[in-house]
Amino acid sequence: MAEEAKKLAAYAAVDNHVQNNQVIGVGSGSTIVYSVDRLAERVRQENLNIVCVPTSFQARQLILQHGLTLSDLDRHPELDVAIDGADEVDSDLTLIKGGGGCLTQEKVVAGCAKHFVVIADYRKDSKALGQQWKKGVPIEVIPMAYVPVSRRIAKCFGGEASLRMAVSKAGPVVTDNSNFILDWKFDQAQNWKDVNTAIKMIPGVVETGLFVGMAERAYFGMEDGSVQVRDPPVN
């Protein structure tokens, strides 16, 4: 059911936001597989001229496997739209991303896009961050800094920031940028904009998995086969 929901959200986003002669940022993760499927289908059926910029090695492989045109930010520093998944989306469209470890490249690509759209299944929908996603906020750090950074985060904001360990490899997870990831399990609600800025200022932090004020629309595939659309609240 969750897989069908991912597919519904992915197809809706691609159908509503992708047009001919666009440069598309392609996100990472399991939901994105469906959006690339749909993108390739539309390119074939409608003969679209589309250029794709990946957010990870996984996204790059997907683009190549589907025969889509691969590019990068050197050649295309301005994107028309970026489509990506999320681990959790709150009522303000603040996101936690980085469960798959690609948060830095995902944030760079999203930041280069005129429009940033999120796709997810119903399990990722939350009123407040931490309700559904229990693994914490991913924070990419340079390897030499992981201990001081984790201590500083715990001291300043509470909770615990622990080094993410690999599953089928001995030792820590290493990102596409050759860095480590801390997962910060926070113990209370925070002002995410301020916390994101403060964590980014800690020496050794590369990027956080908090995406604040970036997504302009989220598509949720629901259990009943519908797609729910959420826009940010108007302040």
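In this predicted model, helix 1 (residues 2-17) packs against helix 2 (residues 30-46) with the two axes 8 Å apart and at an angle of about 45°. An angle of that value makes helix 1 oblique to helix 2. Their crossing is right-handed. Helix 1 contributes Glu3, Lys6, Lys7, Ala10, Tyr11, Val14 and Asp15 to the contact. From helix 2 come Ser30, Thr31, Tyr34, Ser35, Asp37, Arg38, Leu39, Glu41 and Arg42. Sorted by class, the contact of helix 1 with helix 2 holds eight charged, five nonpolar and three polar residues.

**Sheets**

Strands of a sheet pair through backbone hydrogen bonds, in either a parallel or an antiparallel manner. An open sheet of four strands has the order 9-10-8-11, with antiparallel pairing. Its edges are strand 9 (160-163) and strand 11 (205-208); each has a single partner strand, so one side of each has no neighbour in the sheet. From one strand to the next, the twist averages 30°. Strand 8 (residues 137-141) and strand 11 run antiparallel and are joined by three bridges. Valine 141 has valine 205 in strand 11 as its bridge partner.

Two helices are placed against these strands. Helix 5 (residues 146-157) packs on the sheet and touches strand 8, strand 9, strand 10 and strand 11. Helix 4 (residues 103-111) lies across strand 8, strand 10 (180-185) and strand 11. The angles are tabulated here.

| Helix | Reference strand | Angle |
|---|---|---|
| Helix 4 (residues 103-111) | strand 11 | about 65° |
| Helix 5 (residues 146-157) | strand 10 | about 15° |

A further open sheet consists of three strands in the order 5-6-12, and its pairing is antiparallel. Strand 5 (88-89) and strand 12 (210-211) are the edge strands, each pairing on one side only. Strand 6 (residues 95-96) is paired with strand 12 over two bridges, in the antiparallel sense. Within this sheet, isoleucine 96 stands opposite leucine 210 of strand 12.

**Whole chain**

How many helices and strands does the secondary structure of the chain come to? There are six helices and 14 strands. The C-alpha trace spans about 55 × 35 × 35 Å along its principal axes. The radius of gyration of the chain is 17 Å, which agrees with a compact globule, because a globule of 235 residues would have a value near 18 Å.

Technical notes: Residues numbered from 1 in each chain as written. Predicted model: local features only at pLDDT ≥ 70, side-chain atom pairs only at ≥ 80, totals over all residues. Heavy atoms only, no water. Axes fitted to C-alpha atoms, helices over the stretch in contact; angles between N-to-C directions. Parallel < 35°, antiparallel > 145°, perpendicular 65-115°, else oblique. Left-handed = near helix turned anticlockwise from the far one by under 90°. Contact = heavy atoms within 4.5 Å. Nonpolar A, V, L, I, M, F, W, Y, C, P; charged D, E, K, R; others polar. Pairing = 2+ DSSP bridges. Rg over C-alpha atoms; globule rule 2.2 N^0.38 Å.
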